[in-house]
Amino acid sequence: MGKINAAITGIQGNVPNDLLTNKDLEKLVDTNDEWIFSRTGIKERHIQKGEGLATSDMAAEAVKGLLEKTNTDPLDIDLLICATVTPDFVFPATGNVVSDKVGLKNAWSFDLNAACSGFIYALSVGSQFIETGKYKKVIVVGADKMSSIIDYTDRTTCIIFGDGGGAVLLEPNEEGYGIIDSIMHADGSGREYLHQKAGGSLKPASHETVDAKEHFVYQEGKSVFKFAVSNMADVSAKIMEQNNLKSEDVDWLVPHQANLRIIDATSRRMGLDSSKVMINIQNYGNTTNGTIPLCLWEWENKLKKGDTLILSAFGGGFTWGAIYLKWAYDPS
Ligand code: UT7
């Protein structure tokens with residue numbers, strides 16, 4: 001028997017219909033389309049509006065679509081991992097809610113929080129269960145309702161984030177396709193630059209924390225930017241080097257979409273032409289755990305069996321990492 005790799009065998013995204021454009025933001029804060037686009041590459045974001053809707057609704061829609069398009073019986077799913085920083089509740093896990101909404105009655109499920117690197121962390125964790133031979137079908141879903149933790153009077157953060165997510169199915173592959181290598185990092189000393197101050201056990205919610213707007217994203221943008229540029233570029237170059245990949249061997253870079261300038265720095269370091277880089281930040285902004293699956297979903301019809309992909313991310317924590325995989329199927 002050959003080595004078992006975990007291969008992505010299907011992908012489905014989900015974004016809410018409502019749009020928040022740069023022009024809309026001009027009416028909310030002192031900013032303008034030119035500044036936002038030139039500093040970040042973002043034009044618009046999708047925002048989940050409506051009572052009673054949460055991260056699990058976007059995640060469940062993505063999972064439902066994934067099961068339909070891959071002809072998979074929900075009862076055959078062994079495990080679902082939900083990567084999110086905007087869970088429906090502090091507990092139980094959003095993964096449990098998603099599994100209930102979709103009818104994954106035989107799966108266990110849990111949430112994974114690694115901020116913007118959550119999806120690749122979860123992919124790395126989920127792939128282990130396939131590689132050992134323990135499971136045959138694992139779903140990894142990354143989704144965030146960032147609008148639920150954004151202060152729309154803070155121009156330094158509200159321009160960046162959007163809502164959305166996507167799900168992939170992982171199955172065994174013994175023909176050499178699928179996830180070949182991964183490198184993951186964390187450095188908790190970076191927490192001071194990007195975090196949510198209150199609502200956790202350190203500072204539970206109170207009238208004071210609400211009044212002080214401490215339940216929103218706090219970010220020191222410039223510092224995060226510097227760490228993101230160097231670490232995302234370094235880890236992407238490192239995974240190429242340790243797998244003897246030259247730039248011409250890489251078909252696609254699938255980068256976390258936080259800022260177009262961070263993506264450009266990473267692709268330059270890898271020696272990649274921009275035509276090989278998946279970029280959709282202009283339409284979605286930074287959807288945190290949703291960015292990488294949303295890229296794969298949008299590019300699915302261009303991906304061919306055997307294509308070499310590098311997935312790469314950086315996020316709060318700090319967390320960062322890269323995954324090298326060989327795409328396992330041709331467009332339908
Ligand atoms: O996804 C996980 C990790 N997160 C990231 O990777 C985000 C990393 N950081 C960034 O992407 C960038 O730092 C930002 C997009 C957040 C900010 O861009 P920047 O080029 O670093 O701008 P800056 O913070 O240095 O601000 C430059 C100027 C400041 O004015 P002064 O002090 O030069 O007069 C800001 O007050 O731009 C001002 N500014 C704005 N102006 C118009 C900040 N936000 C805005 C705004 N519109 N929305």
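Which helix gives the largest share of the shell around the ligand? Helix H7 does, with four residues. Before the close-ups, a word on what you're looking at: this is a predicted model, in which local features need pLDDT of at least 70 and side-chain atom pairs count only at pLDDT 80 or more, while totals for chains, interfaces and linings use all residues. Residues are numbered from 1 along each chain as its sequence is written, and side-chain values use heavy atoms, with hydrogens and water left out.

**View 1. The shell around the ligand.** There are 22 residues around the ligand, and Thr31, Arg39, Lys222, Asn259 and Asn286 come nearest. (A residue is near a molecule or strand if one of its heavy atoms lies within 4 Å of it.) Sort the shell by type and you get ten nonpolar, seven polar and five charged residues. Here Ala, Val, Leu, Ile, Met, Phe, Trp, Tyr, Cys and Pro count as nonpolar, Asp, Glu, Lys and Arg as charged, and the others, Gly among them, as polar. (Helices, H or I with at least four residues, and strands, E with at least two, are DSSP runs, numbered from the N terminus.)

**View 2. Helix H2 and its buried face.** Helix H2 covers residues 33-40, and its buried residues are Asp33, Ile36 and Thr40. Looking down the axis of H2, these buried residues fall within an arc of 80°, so they line one face of the helix. (The arc is that of the directions from the helix axis to the C-beta atoms; buried means under 20% relative accessible area, exposed over 50%, and partly exposed in between, with a 1.4 Å probe and protein chains only.) What do they pack against? Their partners are helix H1 (22-28), strand S3 (44-46), helix H8 (260-270) and helix H9 (281-284). Just after H2 comes Gly41, with a positive phi of about 90°.

View 3. Ala115 isn't a glycine, yet its phi is positive, about 50°. Find Ala115 in the loop between strand S5 (108-112) and helix H5 (118-131); the residue is buried, at 14% relative accessible area. Thr288 is another non-glycine with a positive phi, near 60°. Thr288 belongs to the loop between H9 and helix H10 (291-299), and is buried too, with a relative accessible area of 3%.

**View 4. Asn173 and its neighbours.** Asn173 is part of strand S7 (residues 163-173) and is buried, with 11% relative accessible area. A polar atom of the Asn173 side chain lies 2.7 Å from the backbone nitrogen of Glu175. The backbone nitrogen of Tyr177 is 3.3 Å from a polar atom of that side chain. Skip the neighbours within four places in sequence, and Asn173 is in contact with Lys3, Ile4, Asn5, Ala7 and Ala328. (Contact means heavy atoms within 4.5 Å.)

View 5. Is Arg191 buried or exposed? At 56% relative accessibility, Arg191 counts as exposed. Arg191 lies in the loop between strand S8 (178-186) and strand S9 (194-196), and, beyond its neighbours within four places in sequence, is in contact with Gly317 and Phe318. The C-alpha atoms of Arg191 and Phe318 are 6.3 Å apart, although 127 residues separate the two in sequence. The peptide bond from Gly317 to Phe318 is cis, with omega near 0°.

Definitions and conventions:
The arc is that of the directions from the helix axis to the C-beta atoms. A polar contact is a pair of N or O atoms within 3.5 Å; within protein, one must be able to donate a hydrogen and the other to accept it, and residues adjacent in sequence count only if both atoms are side-chain atoms.
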